[in-house]
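Please look over the sequence and the structure below, then read on.

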Amino acid sequence: MTSESTTFDPAASARSECDREPIHIPGSIQPHGMLLALDARHRVIQASRNAPEFLERPLGRILDEAIQDVLGQPATETLAPMFEPFLEDCQPRYLGVVPVDLPGRSALFGLIAHRYRGVLILELEPLIAERPAGIENIYPLSNTFIARVQQTRTLDELTRMASIELRRLTGFDRVLIYRFEADWSGTVIAEDRNDVFPSLMDHRFPATDIPMPARELYRHNRLRLIADADYAPVPIVPADRPDTGRPLDLTYSALRSVSPIHIEYMKNMGTIASMSISILREGQLWGLISCHHGEPKVVPFATRTACDLLGQVFSLQLEAREHHAEFERRIELKSIQVNLLAHMAAEEDYRDGLARDPATLLSLASARGAAIVAEDRCELIGETPSEIEVRRLVAWLSATGEKEVYETSSISSVFPEAAAYSDRASGLLAVSISKLHPSYILWFRPEVTRTIKWAGDPTRAPAYDSGKKQISPRKSFQLWQETVRHKAIPFRPSEIEAAVEFRNAVIGIVLRNAEEMAELSEELERSNKELEAFSYSVSHDLRAPFRHIAGYSELLRESAGTRLNDGERRYLDVIIGSAQQAGTLVDSLLAFSRMGRQKLNYQAIDMNELFRETIQEVSLGLDAGRKIEWRMADLPVVSGDMIMLRQVARNLLSNAVKFTETQPETVIEVGSSSGETETIFFVKDNGVGFDMEYVGKLFGVFQRLHRVEEFEGTGIGLANVRRIVGRHGGRTWAEGELGVGATFFFSLPKRPTDLESRL
Amino acid sequence: MLKPILLVEDNPKDLELTLVALGKSNLANEVISVRDGVEALDYLLRRGPYAERTEGNPAVVLLDLKLPRIDGLQVLERIRREPALQSIPVVILTSSHEEQDVLKSYKLGVNAYVVKPVGFKEFIDAVRELGVFWAVVNEPPPGSLKPKR
């Protein structure tokens, strides 16, 4: 780029060399104007050696003279505001066109003045065939520009329009808009040109092309013209300030002589004349409008004044465009957030809500992939690394520190193994929801393989001239392409901010959920207690009346038995039988409810032993004539509650015995099979069986598939089996065929830790 | 003279049925019935309406759990705390199947826990066995009067 100092290598050593070049005290100026330095008494203490030519008087009658005597009354009056003693060092002021007294006549000069380090520096340029640079002349130049840039909507349009308008206004061969990146390298983002120069659109220039001191000068001095790279510098005399004995500081000077390195740089680029206008954003250098010409070119004073104004208009427009874009994005993100939060609030687990609307989740961070990660789940949405890779990434994230929001455009630069999936995830935006149980929401952006067109090879070593102890500018600006890998488009500040806000909202929901859960479990506990109290009172109070009915009926039968006829005695028997049956029902129901509440007491159980004992038990109650062939396979050891599982075995075996009593030969088989996560047991009989149509009713409370007269029982046995097995985390099911038999299955989950610790 | 049986029962129907059952057991022991925990303790500690009664502990206390004022478990607890009473056999005779009650009763040192069967025949059998065991078969603790046969 057309900077005042240059090399092309980004190596730090080169940069520091450049950063040291004293470009603000060259001791000379460019020849298209003259410079006068005044002391506090408004006397000329230093002047450029070309001043006598412009003023048509010898140097002796300029130095040490009062400014009024040198320039005459009208020009001095224009300067009056600059004489204010309280005026601080300040930016140059365009004071306009002033008449200067020459011997026998008066001539017009453009006047720029600024005060710096105790001297007032005046710079005067003769007007060359142009109209005076009054507001009436600048306005027509500027207003088209202002009108047109205001019509642009996007940043691209704005920069494009600005380059066209500035070229039209100034007549340069090429006008570039150059934007600084975060590392101070620069990219050409807009261009307008004729055929004199090649296009530099999209080219990138290393940071060393415009080193720090040059950037500082650009920041202070918004407009800079180099009219002719082949100029002969005009020295300032005397070279040093009489009051300080040091060279005059020309930081803010418009005419300041150009660094020889920069001249060489310009020549290498083929540029003879150049002009640059600084674009500042919030006080910082954002970029440059850079104008190039293949021949010497003195831009008229009025035009430059207009350009300076337009540069400022452009800066403001730029700021407005960027603010506007960010603002719009923020509003968009807000509405995305609201949508997501609504989904989340509607679901019991907020993560279900997040995963329900993948497109919205992704759009919150303009991402192509996302992951919701917690200990117990890992939800992958869109283009993401594999679950294992995501979990490793999360482990790394939570190990690196307690940042609530983490963001990078290149994961692999900090977490090298991420290079393996950079096609899906190069950019990462991560918010941590909980530190206690590492839980994250991650957004991924894919790698954007970008080709950067460097203006010259940025990796080549600098040419170092040891004789002059200076860096030489590079000779070649030939296109040099570099492919950037493993990098995603960086997340914007508004997106990161939205992620932070989103995190807070999510945490709000998580906390609310936790509170609700606590409330729910409290309620559950309360209703459990109520249920307990209820069944306690049922057990006491409901049983008593049945007992009384049975008892008094019995007494009546005893005392009046002989006086009653057979029918009356049968009535009494039915009353007694029903009361007893009701009492038994209450007992079964209470036992069933107890089964659901009782705490499980896990222990290792040898199922062989358990079933063998239970077979003996049920065999005791058998009618004398019954013969049963028991077939028992070798059963495994399981972990469970001994008392409850015995109940299961008792219910299944007594059922099998009961429903086979009509068969001439009874065969009951007990077996098991081992799965990966559970052990399955079954009891198979060759009894009356059941119709599979009613299989769903089998395990319900008080559900019977047979009439009471056929098979006695309360109809609660299988409900108990299902409840007990369910409490162990297992399943129950059955298969049957009418008249052929039935098989009842139950499974028990394998509990490795439990078994190991107990066996 | 035989030591009496103390029956603590608030429900009049249960009381009647239990007395019938005890009567059918052909026990010679007198049965003293009281209607709540306070009365039971009054009898045992010989106070209030029972201040004038003859000295000596009952052969067995048949104790219901759900009682007005002082409940069965509290009565049991008091009996086991009182040096003069702690060796009296106590049988809980109740409707309750509740595990917690069974557990608490045994913790407090009950001698037997009997759930009243719904069927009257079974009830009579249970009460008879209880009466026979505790009033006749069981050797009473030393220091108390031996039942005269």
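## Chain B as a whole

The model described here is predicted. Chain B has 149 residues, and 40% of them are buried. Its secondary structure is made up of five helices and five strands.

Of the contacts in chain B with a separation of 6 or more, 71% are between residues 24 or more positions apart.

## Two helices of chain B

Helix α2 (residues 37-45) of chain B packs against helix α3 (residues 72-81) of chain B, their axes 9 Å apart and at an angle of about 20°. Angles under 35 degrees count as roughly parallel, so α2(B) and α3(B) are described as roughly parallel to each other. Their crossing is right-handed.

On the α2(B) side, the residues that meet α3(B) are G37(B), A40(B), L41(B) and L44(B). The α3(B) side supplies G72(B), Q74(B), V75(B), R78(B) and I79(B). By class, this contact of α2(B) with α3(B) has five nonpolar, three polar and one charged residues.

## Where chains A and B touch

The contact between the chains takes 19 residues from chain A and 17 residues from chain B. On the chain B side, the elements that give two or more residues are α1 (12-24) and α5 (120-137). Of the elements on that side, α1(B) gives the most, with four residues.

What classes of residue make up the side of chain B that touches chain A? That side has seven charged, five polar and five nonpolar residues.

## Nonpolar cores

The largest nonpolar core has 50 residues. Within this core, the residues with the most contacts are A162(A), L166(A), I289(A) and L310(A). Helix α9 (residues 301-346) of chain A provides the largest share of the core, eight residues.

Setting aside neighbours within four places in sequence, A162(A) is in contact with V149(A), I177(A), A190(A), I289(A) and F314(A). Another core, of 43 residues, lies apart from the largest one. Its members include F546(A) from chain A, together with V61(B), L73(B) and F120(B) from chain B.

## Backbone details in chain A

Most residues other than glycine have a negative phi, and most peptide bonds are trans.

V237(A) and P238(A) are joined by a cis peptide bond, with omega about -15°. P238(A) is in the loop between β11 (234-237) and α8 (260-269) of chain A.

H42(A) is a residue other than glycine with a positive phi, near 65°. The loop that holds H42(A) runs between β2 (34-38) and β3 (44-48) of chain A. Is H42(A) buried or partly exposed? With 16 other C-beta atoms within 10 Å, H42(A) is partly exposed.

E282(A), also a residue other than glycine, has a positive phi near 50°. E282(A) is found in the loop between β12 (273-281) and β13 (284-293) of chain A. There are 7 other C-beta atoms within 10 Å of E282(A), so this residue is exposed.

Methods: Residues numbered from 1 in each chain as written. Chains lettered and ligands numbered in written order. Predicted model: local features only at pLDDT ≥ 70, side-chain atom pairs only at ≥ 80, totals over all residues. Contact = placed C-beta atoms within 7 Å. Nonpolar A, V, L, I, M, F, W, Y, C, P; charged D, E, K, R; others polar. Buried ≥ 20, exposed ≤ 12 C-beta atoms within 10 Å, placed from the backbone. Axes fitted to C-alpha atoms, helices over the stretch in contact; angles between N-to-C directions. Parallel < 35°, antiparallel > 145°, perpendicular 65-115°, else oblique. Left-handed = near helix turned anticlockwise from the far one by under 90°. Core = buried A, V, L, I, M, F, W, Y, C linked by C-beta atoms within 7 Å.
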